[in-house]
Amino acid sequence: MSVLKPSMPLWFKIAVGAAILWTLTGVFAYYSDVTMSEETLATMPEVQRAMYETRPGWVVGAYAIAVFAALAGAILLAFRNKLATPLFAVSLIAVMVQMGFVLFGMGAIATLGVSAAIFPAIIVILGAAMLWLSMTGQKRGWVG
């Protein structure tokens, strides 16, 4: 005997669709980052190029985990699968590790100014929002 899940409200469906689009842009950004050509790299300001070239491999790995876990979470959320929640949690942790190291460990804020933290902060906030969305969906019975 199967139990029917309550219908998802429109706002939740729209938010899930937005999460999928947002995470796809993250995957594209990651792909663009790891496949950057020498010509593109040469157009970067010297300070940014030096940070790009000296970041540790584990930071790039954290970036990959962040974007691919978030994309998988968003897709699973669209299919009402409760595994979306732990994937969003992993993604959020990975993005905080990655951004935290770049901003503070590599000195991006000290080098580039406080404005360098604006977009990373938005990414962390949206990651937390996707985790909240998934948790809310589970709590209300729309996901699970």
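Reader: Let me start with one residue. In which helix is Arg49 found?
Author: Arg49 is found in helix H3, which covers residues 46-54. Please bear in mind that this is a predicted model.

Reader: Does Arg49 count as buried or exposed, and why?
Author: Arg49 counts as buried, because its relative accessibility is 17% and the cut-off for buried is under 20%.

Reader: What is Arg49 in contact with, leaving aside its neighbours within four places in sequence?
Author: With those neighbours set aside, Arg49 is in contact with Leu41, Ala42 and Met44.

Reader: Let us step back. How many helices and strands does the chain have?
Author: The secondary structure comes to 7 helices and 0 strands. Read from the N terminus, the order of elements is α-α-α-α-α-α-α.

Reader: What box do the C-alpha atoms fill?
Author: Along the principal axes, the C-alpha atoms fill a box of roughly 60 × 25 × 25 Å.

Reader: And how much of the chain counts as buried?
Author: The chain has 144 residues, of which 37% count as buried. The chain exposes about 8,300 Å², with carbon and sulfur atoms supplying 73% of that area.

Reader: What does Ala74 touch, not counting residues up to four places away in sequence?
Author: Ala74 touches Val16, Ala19, Ile20, Thr23 and Phe88. Ala19 is 55 residues from Ala74 along the chain, yet their C-alpha atoms are separated by 5.9 Å.

Reader: What share of the contacts with a separation of 6 or more comes from residues 24 or more positions apart?
Author: Such residues account for 76% of those contacts.

Reader: A change of topic: what is the volume of the largest pocket?
Author: The largest pocket has a volume of about 950 Å³. It is lined by 33 residues, and the closest to its centre are Asp33, Tyr63, Gln98, Met99 and Ile123.

Reader: Which elements give two or more residues to that lining?
Author: They are helix H1 (10-34), H3, helix H4 (57-78), helix H5 (84-105), helix H6 (108-112) and helix H7 (118-139).

Reader: One last point. Where is the place of Arg80?
Author: Arg80 lies in the loop between H4 and H5. Its phi is near 65°, a positive value in a residue other than glycine.

Methods: Residues are numbered from 1 along each chain as its sequence is written. This is a predicted model: local features need pLDDT of at least 70, side-chain atom pairs count only at pLDDT 80 or more; totals for chains, interfaces and linings use all residues. Side-chain values use heavy atoms; hydrogens and water are left out. Helices (H or I, at least four residues) and strands (E, at least two) are DSSP runs, numbered from the N terminus. Buried means under 20% relative accessible area, exposed over 50%, partly exposed in between (1.4 Å probe, protein chains only). Contact means heavy atoms within 4.5 Å. Accessible areas come from the Shrake-Rupley method with a 1.4 Å probe; for residues, only the protein chains shown count as cover. On a 1 Å grid over the protein atoms alone, a cavity is a set of points where a 1.4 Å probe fits but cannot get out, and a pocket is an open set with protein on both sides within 12 Å along at least five of seven lines; lining residues have an atom within 4 Å of a point. Grid points are joined across faces, edges and corners, and a volume is the space filled by probe spheres set on the points.
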